Amino acid sequence: QILSKSNYFHTRSVVAPIFQLAGMPVNLTANAISAINAGDVNSKPVVQVLDIKLIGTTQERYRLTLSDSESTQQVMLATQLNDRVKTGRVRKTSVIQLIEYICSTVQNRKIIVVLNMETIIPECEIIGNPKVIVESNLGAQKTTSNGASGSANLGNNGNLSAQRSAQASFANIKNLSAQNSGNSMQNYPPAIQPAYQPPPNYKSHGAIMKNEAPARIIPIAALNPHQGRWAIKARVTAKGDLRHYNNSRGDGKVFSFDLLDSDGGEIRVTCFNAVVDRFYDKIEAGKVYMISKGSLKPAQKSFNHLKNEWEIFLETTSTVDLCPDEDASIPRQQFSFRPICEIESAENNSIIDVIGIVTAVNPSVPILRKNGMETQRRILNLKDQSGRSIELTLWGDFCNREGQNLQELAEAGFSPVLAVKAAKVSNFTGKSIGTISSTQLFINPDSAEAQTLREWFDQGGKDIASQSISRDNMPVGSKIETRKTVFQIKDEGLGRSKKPDWVTVKATITFIKTDTFCYTACPLMIGDRQCNKKVTRSGNSRWQCDRCNQEFEECDYRYLLQAQIQDHSGLTWVTTFQESGEEILGCPAKELYMMKYEEADDTRFSEIIRNCLFTQFLFRLKIKEEFYGDEQRVKITVVKAEKVNHSAESRYLIDLISKFRLS
């Protein structure tokens with residue numbers, strides 16, 4: 001290893017102890033530890049790593065013990081530098097240069113966080129004779145040489161034990177590095193940066209007052225509550241709505257926005273009351289801002305989906321300055337897409353990013369929430385290369401903004417790519433996703449993932465059948481893909497185990513009970529799902545839901561069909577609910593109800609029923625044994641009904657014949 005003798009660095013006039021390597025000196029910055037503890041953050045010192053320890057917190061962090069050849073100090077490594085340790089670029093006995101770092105005092109202890117560094121020598125012998133710093137309960141520092149015996153003046157046995165343990169550790173490192181130094185010091189050119197030079201505005205002006213110098217810009221990943229002054233430069237990727245609330249302390253208002261910096265760090269910023277008045281109109285999604293003087297508190301994970309354990313709360317003294325020049329180093333958005341097939345195993349209420357091709361767009365319909373407020377709902381279908389499709393429910397303004405745009409594209413024959421940022425997972429009747437206040441929708445985004453998906457779809461993906469994961473819980477690899485006959489359902493005892501059986505049956509509808517084909521349902525929302533419980537007329541002719549304990553003018557109508565299906569082996573009764581009922585009859589339950597009971601158009605009603613009879617379907621069935629009073633019965637539910645595609649069915653039969661031939 002060849003290092004320059006002159007101008008190695010020029011931060012201190014004091015010469016540090018020198019380690020001789022291949023006849024050339026390796027200098028550590030003298031008194032670097034004490035200088036950092038005294039507040040210096042600009043000298044870019046060269047130090048040596050004596051120990052590395054993984055800290056087992058909610059976020060993976062590394063703690064390093066550094067030496068300037070005389071003193072030692074423990075420091076925390078910013079998370080964006082974790083890869084340096086994992087890849088071995090920084091290890092025990094490495095010589096490094098600290099490029100960016102901060103130092104804060106917390107409970108009489110110095111907390112140093114390294115934000116950026118460069119490796120000068122990956123591995124070498126211990127340089128100098130570093131002393132172990134042992135802190136007493138009052139924060140006073142006592143030192144001892146790693147070569148000396150334990151001091152009797154440490155004040156307690158715990159500190160004496162810690163000191164001796166550290167001395168032994170350093171001795172072991174020194175012996176190990178001495179054995180390997182001959183083989184590990186080759187072809188690592190130094191990259192030592194010069195010390196910080198103060199800008200002209202701060203030259204020859206005497207001592208700088210406490211808050212006169214501008215705060216240092218640090219990565220979002222390095223933020224922690226122990227820092228005094230900080231600044232971040234980041235792009236607003238999402239801006240939440242202004243919300244009003246009322247609690248025991250009175251009325252208030254709040255809004256939040258999400259930030260993304262050039263290192264990929266994300267964090268949420270929240271403003272309350274008077275701070276809302278200052279910044280709500282100033283914050284625009286997509287713009288870059290310089291933000292400082294806020295407080296950090298633990299993120300509330302039930303409302304905050306970002307991968308950061310902290311959240312910024314702005315105060316009256318906080319500053320938010322718009323950066324007039326566009327910064328191309330900060331991405332406009334950051335995604336962590338999950339294939340649709342993986343959503344099947346995602347936890348309920350978890351927040352995910354997903355991208356897919358829009359294959360169907362349903363009309364927007366008004367929904368009455370439990371609080372009596374009306375909102376809009378629109379359901380889309382997405383599919384991707386994983387062979388699965390999923391329902392995406394748009395709520396509120398999403399229905400008329402992006403939802404209307406998507407419907408127009410679908411009606412024009414296009415199947416757009418849709419990227420969804422921060423969708424909420426639901427496991428009600430299968431897995432589905434829905435929008436929340438912080439959700440963002442991107443139609444045909446300019447990204448590599450979108451381009452790959454588009455090419456797959458245009459080159460044959462649109463003709464590949466996909467299995468929906470949004471209709472009841474149909475597990476992957478289960479009997480849902482197994483063909484059975486009606487006779488086999490009873491003969492094989494399907495549905496009598498603890499878990500339901502899932503089968504596909506090709507059969508014909510031979511009879512539909514028309515006296516009770518639907519029921520009146522509660523339209524109110526519970527969370528992000530409709531109540532759907534049966535409602536009855538109250539004394540004032542309004543509909544009443546016993547579950548929600550509310551009354552309303554209009555109710556919903558949902559299918560509850562009882563039908564007989566038959567194939568060559570036999571017949572059986574099945575139950576069909578809303579979605580599969582619409583697939584069989586081809587019209588909404590409300591339309592059929594009005595036709596029969598309000599308009600008394602029996603002729604048209606009977607024609608719709610007759611058109612469904614003796615029509616062949618592929619029925620996806622859920623079979624499960626249930627109790628009705630004291631009687632145990634096997635219930636067969638239609639999860640999905642598709643009219644037989646004779647071309648696809650012929651291919652299936654040909655493949656089946658080929659398998660029989662091979663066997």
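Q: Quick one to start: is Glu 123 buried or exposed?
A: Glu 123 counts as buried, at 14% relative accessibility. Keep in mind that this is a predicted model.

Q: Okay, and which residue does Glu 123 form a salt bridge with?
A: That would be Arg 91, and the closest N and O atoms of the two are 3.6 Å apart.

Q: Where do Arg 91 and Glu 123 sit in the chain?
A: Arg 91 is in the loop between helix 2 (82-86) and strand 6 (95-106). Glu 123 is in the loop between strand 7 (109-121) and strand 8 (131-135). The pair is 32 residues apart, and it links distant parts of the chain.

Q: What about the accessible area of Arg 91?
A: Arg 91 has a relative accessible area of 30%, so it is partly exposed.

Q: How many salt bridges does the structure hold?
A: There are 24 salt bridges in the structure. Another one joins the side chains of Glu 326 and Arg 235, at 2.6 Å from N to O.

Q: Why does that pair tie together parts that are apart in sequence?
A: Because Glu 326 lies in the loop between strand 15 (310-322) and helix 5 (340-343), while Arg 235 is in strand 10 (residues 231-239). Those parts are 91 residues apart in sequence.

Q: And is Arg 235 buried or exposed?
A: Arg 235 is buried, with a relative accessible area of 0%.

Q: Which residues are linked in a network with Arg 235?
A: Glu 326 and Arg 332 are linked with Arg 235 in a network of salt bridges.

Q: What does Glu 342 form a salt bridge with?
A: Glu 342 pairs with Arg 338, and their closest N and O atoms are 3.7 Å apart. Glu 342 counts as partly exposed at 36% relative accessibility, and Arg 338 counts as partly exposed at 27%.

Q: Switching topic: how many residues are in the largest nonpolar core?
A: It has 43 residues, and the ones with the most contacts inside it are Leu 585, Leu 592, Phe 619 and Leu 621. Strand 24 (residues 501-512) gives the largest share of this core, 5 residues.

Q: What does Phe 619 touch?
A: Leaving out residues up to four places away in sequence, Phe 619 touches several residues, including Val 503, Val 505, Ile 509, Ile 565 and Val 638. Lys 640 and Thr 504 are also among them.

Q: Which residues does the second, separate core include?
A: That core has 28 residues, and it includes Ile 102, Phe 257, Ile 291 and Val 320.

Q: Now Asp 321. Where does it lie?
A: Asp 321 lies in strand 15. Asp 321 is partly exposed, with a relative accessible area of 42%.

Q: How many residues apart in sequence are Asp 321 and Ile 283?
A: They are 38 residues apart in sequence, and their C-alpha atoms are 9.6 Å apart in space.

Q: Last topic, the surface. Which residues form a nonpolar patch there?
A: Leu 653, Leu 656 and Phe 660 do, with about 290 Å² of accessible area together.

Q: Where is Phe 660 found?
A: Phe 660 is part of helix 13 (residues 646-662). With a relative accessible area of 61%, Phe 660 is exposed.

Methods:
Residues are numbered from 1 along each chain as its sequence is written. This is a predicted model: local features need pLDDT of at least 70, side-chain atom pairs count only at pLDDT 80 or more; totals for chains, interfaces and linings use all residues. Side-chain values use heavy atoms; hydrogens and water are left out. A nonpolar core is a set of buried Ala, Val, Leu, Ile, Met, Phe, Trp, Tyr and Cys residues joined through side-chain atoms within 4.5 Å. Buried means under 20% relative accessible area, exposed over 50%, partly exposed in between (1.4 Å probe, protein chains only). Helices (H or I, at least four residues) and strands (E, at least two) are DSSP runs, numbered from the N terminus. Contact means heavy atoms within 4.5 Å. A salt bridge is a side-chain nitrogen of Lys or Arg within 4 Å of a carboxyl oxygen of Asp or Glu. Patches are made of residues with over 30% relative accessible area and no salt bridge: like charges are joined within 9 Å, nonpolar side chains (Val, Leu, Ile, Met, Phe, Trp, Tyr) within 5 Å. Accessible areas come from the Shrake-Rupley method with a 1.4 Å probe; for residues, only the protein chains shown count as cover.
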